[in-house]
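Please keep the sequence and the structure in view while reading.

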Amino acid sequence: MNLKRLAMALVIGLLISGSCTYLLGRKLASHVAEAPPMEKYYAPAHPLAAGAVLKAEDLVLVDWPSTTPVAGAFSKPEGIVGRSVLYPIDKGQPLTDKLLTVAGSGNGLASRIPEGMRAIALRSDEVVGVAGFLMPDSHVDVLATVKTEKNPDPVTFIVLQNAEVLAAGHQMQPDPEGKPTAVTVVTLLLSPPDAERAVLASLQGTIHFILRSGSDKLKPQDTPLNLAQLIDGQVATPTKATVRPAKLELKIPKVSGPANDFTVDTISGDKVSSETFKGGVR
């Protein structure tokens, strides 16, 4: 009797185990069937530093879900080999066009200049360079203070707004710890017309850099400021002791003489004169 019960329990256990295995296998198979298709992108086979020139042995293909494509990624090595890395890239991160220099531009600073833009170096110092906090990738406004023969008083105005710093001295990458570095030359990324304005302003007077937030895209209207306006803006308001012009007192003319005549008294300073006119109702 006990053997029959054990055999029955064993059969029931096998049936339950087989059913669970079957259902679990079906569920796993459905998940495998629902897996999204994969794309293959080229990525670094090892971490790359900024300025590294890509070679074929530096590249490896990685799988990437096709449902979330990477804009500007490469599926062929022909568009990558020979180009330089602009920013540090981790292993396995898909390479994109924005992370690499322009094809055929070579290495160094020229590789970071987009088409239609120019790089121009302007002289700075520790104070004018915002006490050394001008770093690559930061954004600045450029002010100029100039004098002319017609107007010897200095005038200050904004020459450029929201200009990107390409390099501070010979440094083309920001300091990882954000430490300030005193430099004497700042290289800006400008359009050709803005480069002309910067050169002319630097030749005519003194230029200053104003550090601004990289997310600030506003370009407010600028009004040049001269020395007279600066001084007038600091003049104190008059006090009670200030001498004010004497008030003008008006007096009603005196009427005298016969009813149809009238006399006008004219007061000029300390002199009084009278004149009689014929009057009356007409």
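## Salt bridges in the model

Across the whole of this predicted model, a search finds four salt bridges. Side chains of opposite charge can pair when their charged atoms come close.

## A pair between strands β1 and β2

Lys40 and Asp63 meet through their side chains in a salt bridge, with 2.6 Å from N to O. Lys40 lies in strand β1 (residues 38-44) and Asp63 in strand β2 (residues 59-65), so that the pair links distant parts of the chain, 23 residues apart. Lys40 is partly exposed at a relative accessible area of 45%, and Asp63 is likewise partly exposed, with a value of 45%.

## A pair within a loop

In the salt bridge of Arg83 with Asp97, the closest N and O atoms are 2.8 Å apart. Both residues belong to the loop between β2 and β3 (118-123), where they are 14 residues apart. Arg83 counts as buried at 9% relative accessibility, whereas Asp97, at 42%, counts as partly exposed.

Arg212 forms a salt bridge with Asp141, and their closest N and O atoms are 2.8 Å apart. This pair links distant parts of the chain, with Arg212 in strand β7 (residues 205-212) and Asp141 in strand β4 (residues 139-146), 71 residues apart.

Arg212 counts as buried because its relative accessibility, 12%, falls under the 20% cut-off, and Asp141 is buried as well, with a relative accessible area of 11%. Asp216 joins Asp141 and Arg212 in a network of salt bridges.

Note on methods:
Residues are numbered from 1 along each chain as its sequence is written. This is a predicted model: local features need pLDDT of at least 70, side-chain atom pairs count only at pLDDT 80 or more; totals for chains, interfaces and linings use all residues. Side-chain values use heavy atoms; hydrogens and water are left out. Helices (H or I, at least four residues) and strands (E, at least two) are DSSP runs, numbered from the N terminus. Buried means under 20% relative accessible area, exposed over 50%, partly exposed in between (1.4 Å probe, protein chains only).
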